[in-house]
Amino acid sequence: MSVVHPKPQWLSDDLEQLADTTRRFAERECLPNDARWREQRRGDREVWNKAGAAGLLCASIPEQYGGGGGHFGHEVVITQTLASLMAGGFSNSVHSGIVAHYILRYGTEAQKQRWLPKMATGEIVTAIAMTEPGAGTDLQAIRTSARKDGADYVINGAKTFITNGFHANLVCIVCRTGEEAGGKGISLVMAEVDGLAGFRRGRLLDKIGQHTSDTCELFFEDMRVPQANLLGTEEGRGFKQLMEQLPRERLIIAVGGVATLQRAIDETVAYVLQRKVMGQTLMSMQNTRFKLAECQTLATIARSFVDDCIGRALRDELDLTTAAMAKWWVSDAVCKVIDECLQLFGGYGYMMEYPIARLYADHRVGRIYGGSNEVMKELIARTMERP
Ligand SMILES: Cc1cc2nc3c(=O)[nH]c(=O)nc-3n(C[C@H](O)[C@H](O)[C@H](O)COP(=O)(O)OP(=O)(O)OC[C@H]3O[C@@H](n4cnc5c(N)ncnc54)[C@H](O)[C@@H]3O)c2cc1C
């Protein structure tokens, strides 16, 4: 019998139904296309509309804006289910978990009415563009500028590593609207980029993993966007807005990580039970048993901590430090566990046709994006310096 996890308090019947809907969607629409999508380095555009029709987009956005009327738990369940099935093709956590919530929290009523309903149907795909060639970890160093001219901003700059960059119709651009140094002059400006003069997408970037997710460079050259597209009513609030939303974004990475840990272990247990070496199954060897016991212990600790963080997030009590702990510790554990599991597959673990190899390549980035793990530790340490 495999490990039985107690049902977390926040997991309602309604959420279990959503997990089931997500699973059926992934089995029908994502997994049969997975090999082709990996080959073309992106999902098909239509999968967004299909996900919208299935109720998987903007599940935690109020119904009055076309969303599912749910809460953070709905995003958690969708993320968990897609991660455990290794189903990609649409980076929903960026679209529904991040960008939709920037608009909901800081957007004007007109902005919410204009964008959220179309995001919920998949008619609009969104991306968030923070990172620049010269500014990744150090967001305060961003140089993309938005200069006022008449009723518009004129935006110049370049962004890189942008998830959903290929399909995005609406991009939340982190840019400088003022001369002030550091975070003070930073604002979030929404750009409707379809056919927009001065907007250019770069090539699909050649990543080592996550091949069903489209990751692009974006270029802005005298690109005009109405000033009405500033998110919020006041310039210079962007850095604060980013900081306020980060705990939730980091927790989403940890949530996906917990599901991935269990998938890696389950794949490996199934393999070592049938693989025979020197006349006995790999599972009967002490090294295998000890390694898998260690992996399952890590996965169980991760689940327990992340469940607690989800509870805190649902009560609006998740702080930046705890979210940073969840993000770095779980993404580190994912890499360690997948590496140990892959070793048990021998040479087969190095072959992309085995899910464990894809997990290895797909999840290395968890320690880098969403704020690198070194930065997470820096954030935690800062709170320890205070008297
Ligand atoms: C697949 C993928 C998808 C992504 N999606 C998006 C997206 O949708 N939108 C977006 O805006 N960005 C996205 N990113 C970018 C990602 O957030 C950045 O790569 C990340 O923030 C790190 O920035 P950097 O790559 O410039 O590394 P750098 O900032 O150059 O960091 C290099 C190394 O230095 C370390 N370091 C930096 N500062 C410190 C410090 N103070 N102390 C100790 N060590 C330090 C870092 O931890 C890291 O190990 C994505 C990246 C990838 C790979």
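User: Before we start, what should I know about the numbering and the pLDDT limits?

Analyst: Residues are numbered from 1 along each chain as its sequence is written, and side-chain values use heavy atoms, with hydrogens and water left out. Since the model is predicted, local features need pLDDT of at least 70 and side-chain atom pairs count only at pLDDT 80 or more, while totals for chains, interfaces and linings use all residues.

User: Okay, salt bridges. How many does a search of the whole structure find?

Analyst: The general idea is a side-chain nitrogen of Lys or Arg within 4 Å of a carboxyl oxygen of Asp or Glu. The search of the whole structure turns up 23 of them. Take Arg38 and Asp34, whose closest N and O atoms are 2.8 Å apart. These two sit 4 residues apart in helix H2 (residues 34-40), so about one helical turn separates them. Helices here are DSSP runs of H or I with at least four residues, strands are E runs of at least two, and both are numbered from the N terminus.

User: Which residue pairs with Lys148?

Analyst: Glu235, with the closest N and O atoms 3.2 Å apart. Lys148 is in strand S2 (residues 145-149) and Glu235 in the loop between strand S7 (215-226) and helix H7 (238-274), so this pair ties together parts 87 residues apart in sequence. Another case is Asp152 with Arg224, at 2.9 Å between the closest N and O atoms. Here strand S3 (residues 152-163) holds Asp152 and strand S7 holds Arg224, so parts 72 residues apart in sequence are tied together. Salt bridges can also share partners: Asp20, Arg23, Arg24 and Glu27 are joined into one network that way.

User: Next, helix packing. How do I read H1 against H3?

Analyst: Two packed helices are described by the angle between their axes and the distance between the axes. Axes are lines fitted to C-alpha atoms, for helices over the stretch in contact, and angles run from 0 to 180 degrees between N-to-C directions. For H1 (residues 13-30) and H3 (residues 46-53), the axes come within 11 Å and cross at roughly 155°. H1 and H3 are therefore roughly antiparallel (over 145 degrees; under 35 is roughly parallel, 65 to 115 roughly perpendicular, the rest oblique). Phe25, Glu29 and Cys30 of H1 make the contact with Val47, Lys50 and Ala51 of H3 (heavy atoms within 4.5 Å).

User: And what is the angle between H9 and H10?

Analyst: About 155°, with the axes of H9 (residues 320-344) and H10 (residues 355-363) 10 Å apart. H9 and H10 are therefore roughly antiparallel to each other. On the H9 side, the residues that meet H10 include Val334, Ile338 and Leu342, and their partners in H10 include Ile356, Leu359 and Tyr360.

User: Last one: where is phi positive in a residue other than glycine?

Analyst: Most residues other than glycine have a negative phi. Phe161 has a positive phi, near 60°. This residue lies in strand S3 and, at 56% relative accessibility, counts as exposed. Asp222 also has a positive phi, of about 45°, and its place is in strand S7.

Conventions
Buried means under 20% relative accessible area, exposed over 50%, partly exposed in between (1.4 Å probe, protein chains only).
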